[in-house]
Amino acid sequence: MVSIGRISLPGSVPPSLHHQCSPPSAIGFARFPDRISFRSSVVLRDEVEKKGSRVVIVNGKVDGLGKSECETEFDTALGNGRAGNSGKNHGVLSTVGNSTNIKWHECSVGKNEKQSLLKQKGCVIWFTGLSGSGKSTVACALSQSLCKMGKLAYILDGDNVRHGLNRDLGFKAEDRAENIRRVGEVAKLFADAGVICIASLISPYRRDRDACRAILPDGYFIEVFMDVPLEVCEARDAKGLYKLARAGKIKGFTGIDDPYEVPLNCEIVLKHTGGSPSEMAEKVLNYLEQKGFLQA
């Protein structure tokens, strides 16, 4: 049972845990008392104001701006976010970027179990090249081939992710870097789940592509360079973007007034003379087969 003043919520009832905090301010229509009793192994989200420092309790984890006395005692009593653990939690809290007091949680179902379930190995196939080079077309052809073989794949398309996950980003250099970073992290999660993740993005800068490679195990990031000359891409201009860029209506367009850095050590190079999209996809498929990704 979780008791907050006169409010009681159902839950397990281990020995009560009390802590005295400074009088808090009202939150919504409810007001917290001076003494808060937590009687559940799962603590609901509440906010406690102490000496002007915000402390947030989310599912038993305490976070805030600065280490207050209240937070310190909660850390000790709850075992850094795990009530009733009798001191068995030996994990170390860490700071990653702007995230503080976090701990990696391991699950008994690991990568090997997921790959065995899918009868394949998760990896990231990263298509890079100029706009109009055929990245998305070949990515879709590859996905279709894998589907016919009974293999699970998912495409992270550069335009598609900007409809949701990355809709807050523009096309400045720093936004492009963040766009690639986010896609790389999502692709890593797919690969960890045993899914063959196909990323299709211009991704013009080497450092950003290399950063995505670095977060995956060796061999699990497969860079596919669509080696198609600018004049061929511009002649295709399926979206009419080159025309707008040439007219000055789009600024920072890759290949026109923003650079594209050709991969130096990519796994696969597909040239525009290399056949149909299906034939190009077949080359990638052969690579996956040779490297053992199509079996667990």
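A residue counts as buried when its relative accessible area is under 20%, as exposed over 50% and as partly exposed in between, with a 1.4 Å probe and protein chains only; cysteine 197, at 0%, is therefore buried. The model is predicted, so that local features need pLDDT of at least 70 and side-chain atom pairs count only at pLDDT 80 or more, while totals for chains, interfaces and linings use all residues. Residues are numbered from 1 along each chain as its sequence is written, and side-chain values use heavy atoms, with hydrogens and water left out.

**Cysteines**
- No disulfide, meaning a pair of cysteine sulfur atoms within 2.5 Å, turns up in a search of the whole structure.
- For cysteine 197, the nearest cysteine sulfur is that of cysteine 123, 8.7 Å away.
- Cysteine 212 also counts as buried, with a relative accessibility of 4%.

**Glycine 194**
- Glycine 194 sits in the loop between H5 and strand S12 (196-200), where helices (H or I, at least four residues) and strands (E, at least two) are DSSP runs numbered from the N terminus.
- Glycine 194 is buried, its relative accessible area being 0%.
- Although glutamine 115 is 79 residues away along the chain, its C-alpha atom is 4.8 Å from that of glycine 194.
- Leaving aside residues up to four places away in sequence, glycine 194 touches Gln115, Leu118, Gln120, Lys121 and Gly122, contact meaning heavy atoms within 4.5 Å.
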